[in-house]
Amino acid sequence: AGCIVRAFAWHPHTSKFAVALLDDSIRVYNSNSATIPSLKHRLQRNVAAMAWKPLCASILAVACQSCVLVWHLDPTSLSTRPSSGCAQVLSYPGHSPVTSLAWAPSGELLLSASPVDTAMLVWDVSTENCVQLQWFGGGGVTYLAWSPDGSKVLAATPSAVFRVWEAQMWTCERWPTIKGRCQTGCWSPDGSRLLFTVLGESVIYSLSFSEYRGEMQGQVGGSKTASIVADLSETTFETLYGEERIGGEVHSMVWDPTGERLAVIIRGHADAPGSQTVIAVFRTRNSPVFELLPCGFLRGERGAQPQLITFHPCFKKGALLTVCWSTGKISHVPFFFVSAHVPCASPSRSPVTVMAMASASVREQPLFSEL
Amino acid sequence: DSFNDLYTSYVIFCILLMSVVILVISIFNAEFYAVVPSIPCSRIALIGKIIHPQQVIHSVVHAIMGMLVAWCAAVMTKGKFQFLAVPCTPSESLDDAVPQMCLNEYHLFFLLSGAFMGYSYSLLYLINNMNYLPFPIIQQYKYLRFRRSLPLLVKHGCVESLYFVRNFCVAYYFFGYIPKAWISTTMDLHIDSKLHPLDTLTGLLDLSLFYHAWLCGVFLLITWYIAWLLFKIYATETHHFPVQPTFAEETDQCLPKILNSNPPLIIKFLALQDLMLLSQYSPVRRQEVFSLSQPGGHPHNWTAISRECLSLLSDLTQRLITQQEAAAANGRAKQPAGELKVSPQTPGAVVTEDMSFQSQRSNIVPRASMSSLVKSSLMPLKTSPGSDVGSPFSSPALNCKMGILDVNSPWHGSVQSRHVMRRGPKLWTSGSDLQMNGSHHESFPVLSAARVGSEAVQPSFIYTWLQNKQEQIKNFLSKRVLIMYFFSKHPEASIQAVFSDAQMHIWALEGLSHLVAASFTEDQFGVVQTTLPAILNTLLTLQEVVDRHFKLPHVSSKPARISGSLVDTSYKTLRFALRASLKTALYRITTVFGEHLNAVQVSTEHKKRLQQFLEYKE
């Protein structure tokens, strides 16, 4: 609340990102060019989420109040104000406000969801056809996450239930949580593990799924129960500056694309004195066994609370965490390590590791790990 | 009490009759379906479609079925609708001892409304291309698909029935006396003079009649739409084709065989859809595709599949190029008089087509550059003043220009100026020109005699005279507004017609690119690597041609979308889906292979484009 930055999205293949601001404009920053296109449209109000289309140069989907706008930008153009004609409007009666978007990793389908609509829409963007996936009861969708291997989708609802859909025959499994709604979730890179948190609890749960083989049509394959992998309740740390109380509920969680780092925004109890919102970073490993080890904490300058976190999708030297602070600053925190995975081929240019931002750039002194 | 009614023989007979009706409707659905929609490009084509004998049979049978349904409904309702002939209301005079039978106009109204609804359904079926089988964008179980479509279907049926009843009331008001008179004379029934005749305004404003007719219409439409929907769902269900036949009987059913032979179109569609699904979701079947044969060690499966996909894409490239050239030729050679697109006017255009077909076999790569050269060579036709197409001077000159554009000439690719090209033919004649002359169509036998260079022969006088007359007639007709109204090609419709079977190409693209991307990690024998240059060439050429096609007028404008309609109009936007999936396919390959693609042998022009893709600048 009160943050200038509404939404943030990295392009999946290049060093380009889009920032949605409070005045409903979107700015696209590119490390290779000095022009900063600013996207405005009369239907672009109350932007809640943005997502770049995978396997594409520059198509950006924006979740707005009444529709989904898909901007088709020219990657080589130098104009700072792309016309509204570049935006394709995808609207469906009853489907507003749209708050979550997710592109299929194979780049063909776009999922859009709204908390008031009990149906998720699967869009084929080029033909503007959509298919409704309906369910009964439990409200709409508050959080959408597609697994990076393209096989499963997490859809959290406002009630104490979340659904995991499998993306081949679009059947779903219902997972009732005990205490509250699923606040946030993230998938491992191979889609076999889902880490999620529940509102009101300060633990991280893990749910594993059987490995996707093509013969298993129509089954999500989730295990019977979720297990707790991390307890983030409040503890006291002795630091150079005195005692620090860190811990509490999880606000959001992201897993880096190599599966090696997990970043969690932990919000301390509002009424407890000295409580603060920090980002906890964990070192993780998914195979052969799942491992989650605490790595360090990230804190901004005085008075700045972290609002949005996301990892760079193709940082070759390890992981790059982008944090949007409540003061309107965006900072990029690198983690340098040698990844255990075989690196995929990616663009030939080495991406700039830390980029300066127009509003201000803050280089912090984080605790980062090196192998 | 009503249950007793259910068991009467009448009702059972009606139910049997209804099932027969549904059966007949389903048979018609199965006979008339098409996976590739036939899009009428002009109004005359639409009228031709309507009066086609097949369509006439369709309409007549539907009208009869509608009448049967209405009869069943009328009989089951009882009340005043039940019988066609009822005793007349007794008249005042007492000398009519025997009560006469009168026509029950309500019953007749009902039957006719049923027939009218059947006929309108058949007409809408034709106009909305309801025989088109759209394949769904996501796979779902059949029951879920059916359940999802049901509410929309019911709502649509109710609304449409309202429109039908309203139209029928208007029709009955004007023409109702005809069937009344006919029935009463043939069946010797009297018109009851005491009762209000129905084909008057007051007669038609009967709410109960309206309500019953509407209800009958709703029932009719819902049952027929459900039959249509179920047929669509079952016909477009994914079918699993084995890649490697395990038993000898299955050899004919395996995927590579089916793709390479010429099966009925629906089988080919299902095979391509299966290819698309297996390439994305099934590692086991992908392994079978990448496997080698025993004992020869040949990658038969991959060769068959990739060859078929590439030939499909090359065909599309071909088609688009000829369309573009026809558009270019029409725009420049003809005086503007609407869009009368008949068979290519200029002999140059015909020659171009042959040229394209000829060199397709030789070399795919320079196609794109060749067609740009072709276009630039067509320009002089416009600039030379007063050059009528049929004149004896321009055609050999044009032939000369066309004649030089063969891929073996060293001028190819470097010469742009018109003058140099005109000079060119005099230097030599190449073998492909002689070949080309041999493959001319029969309608221009004289052109085959035209040799390049100094041997330019004047086409025969009769031929030019005929061409002139043709031109004059066309010019005359094109000035008649009525003719143009019927014959003018609707641009949007003709564009849709070119891309009407693009769904096959979309699946071929997706299947091929997913397989290539998966082969980066899964291909143990390297069978994909050897075909990589051909694949990249085809894809890049197609992308160039599609981009150029989208620069033509009307192609890039999206048709208006009506959301919430029952009828699927996805065939109207297939070209956008093709363009998007082509780009995604190329990006998929470049993202997975990355810098390794620089080692693949492609032409320099294509290398440049690949570099653009690698840098995400396309």
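UniProt positions are given here in the numbering used for this structure, feature names are shortened, and annotations may be inferred rather than shown by experiment. With that caution, the unreviewed UniProt entry annotates residues 6-35, 56-76, 106-127, 152-175 and 209-231 of chain B as "transmembrane region". The structure is a predicted model, in which local features need pLDDT of at least 70 and side-chain atom pairs count only at pLDDT 80 or more, whereas totals for chains, interfaces and linings use all residues. Residues are numbered from 1 along each chain as its sequence is written, chains are lettered from A and ligands numbered from 1 in the order in which they are written, and side-chain values use heavy atoms, with hydrogens and water left out.

Two of the annotated spans were examined for secondary structure, where helices (H or I, at least four residues) and strands (E, at least two) are DSSP runs numbered from the N terminus. Residues 106-127 of chain B are 100% helix and 0% strand, with end C-alpha atoms 31 Å apart, and residues 209-231 of chain B are likewise 100% helix and 0% strand, with end C-alpha atoms 33 Å apart.

Chain B is divided into domain 1 (1-88 + 100-236) and domain 2 (258-328 + 489-615), with bounds that come from an automatic or database domain assignment. The C-alpha centres of these two domains of chain B lie 43 Å apart. Their contact (heavy atoms within 4.5 Å) takes 24 residues from domain 1 of chain B and 24 residues from domain 2 of chain B. The size of an interface is often given as the accessible area lost when the parts come together. By this account (1.4 Å probe, summed over both parts), domain 1 and domain 2 of chain B bury about 2100 Å² between them, 72% of it on carbon and sulfur atoms. On the side of domain 1 of chain B, the residues that lose the most area to domain 2 are B:Ile39, B:Cys41 and B:Phe135, together 29% of what that side buries.

The interface between chain B and chain A brings 36 residues of chain B into contact with 39 residues of chain A. The buried area is about 3300 Å², of which carbon and sulfur atoms give 59%. B:Ile137, B:Tyr281 and B:Tyr616 supply 21% of the area that chain B buries against chain A, more than any other three residues.

Side chains of opposite charge can pair when their charged atoms come close. The side chains of B:Lys558 and A:Glu128 form a salt bridge at 3.9 Å, N to O. Among the helices of chain B that each supply at least two residues to the side touching chain A are H11 (265-281), H12 (283-289) and H24 (574-593), and H24(B) gives the most, with nine residues.

Note on methods. Buried area = accessible area lost by both parts, 1.4 Å probe. Salt bridge = Lys/Arg side-chain N within 4 Å of Asp/Glu carboxyl O.
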